[in-house]
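Q: Please take a close look at one part of this model. Keep it brisk.

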Amino acid sequence: MKYLIAGLGNIGDEYADTRHNIGFMVLDAMAKASNSSFTDRRYGNICSLKYKGREFILLKPSTFMNLSGNAVRYWLNKEKIETENLLVIVDDIALPLGSIRMRPKGSDGGHNGLAHISLVLGTDQYARIRVGIGNGFHRGSQVKFVLGTWSPEESKFLDERIGLVIEMIKSFGTVGTELTMTTFNKAGKISGQDKKENNTGNKLP
């Protein structure tokens, strides 16, 4: 069975270590852990991994965030993968830094990448994992914040959390969305950290 795992982000060195690129970071770590690498293909960078009889097609779209749907649709069609086997990894300012939440479907929540994927596919019935980046920015500074780089402390903390996301991806392919949510969503929460705390900055646990 094949699964398309799309980690969203923006291409280019200037975006490499930014909060908006957490999807790229997850897939890079997953490929590295499997001693695999990405190749430059149409609409994105692609890496194929095998795990317990499943094939995971890792996709880092090269279309930039706002046109992510073009890459996702192309690779779903090329690899003959149904949307039920699609998983999208995105950043989320509504979640505390490092908090991880999986959902089987839903609205884009204001995320331009998810919005374009849903528009192009004609449905929001696909799984997604949201990785919290916090909302430590002043009014009017959201774009600057999400396109800003991680602090050394944030990077170290996120390295640990990314490992959990990778386990969730593997679980998605082997036992499905519902069991993965049951197993991991509780572990993905950051206790003692809520939106109010993040209004003035990201607080590491």
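Q: Where is the place of K189 in the chain?

A: K189 sits in the loop between α6 (177–188) and α7 (195–198). Helices (H or I, at least four residues) and strands (E, at least two) are DSSP runs, numbered from the N terminus. This is a predicted model, where local features need pLDDT of at least 70, side-chain atom pairs count only at pLDDT 80 or more, and totals for chains, interfaces and linings use all residues. Residues are numbered from 1 along each chain as its sequence is written, and side-chain values use heavy atoms, with hydrogens and water left out.

K189 has a relative accessible area of 60%, so it is exposed. Exposed means over 50% relative accessible area, buried under 20%, and partly exposed in between (1.4 Å probe, protein chains only).

K189 also belongs to a positive surface patch, together with R101, R103 and K186. Patch residues have over 30% relative accessible area and no salt bridge, and like charges are joined within 9 Å. A salt bridge is a side-chain nitrogen of Lys or Arg within 4 Å of a carboxyl oxygen of Asp or Glu. Lys and Arg count as positive. The charge is placed at NZ of Lys or CZ of Arg.

Now the surroundings. The protein chain has seven helices and seven strands. Buried residues make up 49% of its 205 residues. The C-alpha trace spans about 45 × 35 × 35 Å along its principal axes.

Another lysine lies in a loop too: K52, between β3 (44–51) and β4 (54–61). K52 is exposed, at 59% relative accessible area. Its phi is positive, about 50 degrees, although K52 is not a glycine. Most residues other than glycine have a negative phi.

Technical notes:
Patches are made of residues with over 30% relative accessible area and no salt bridge: like charges are joined within 9 Å, nonpolar side chains (Val, Leu, Ile, Met, Phe, Trp, Tyr) within 5 Å. Accessible areas come from the Shrake-Rupley method with a 1.4 Å probe; for residues, only the protein chains shown count as cover.
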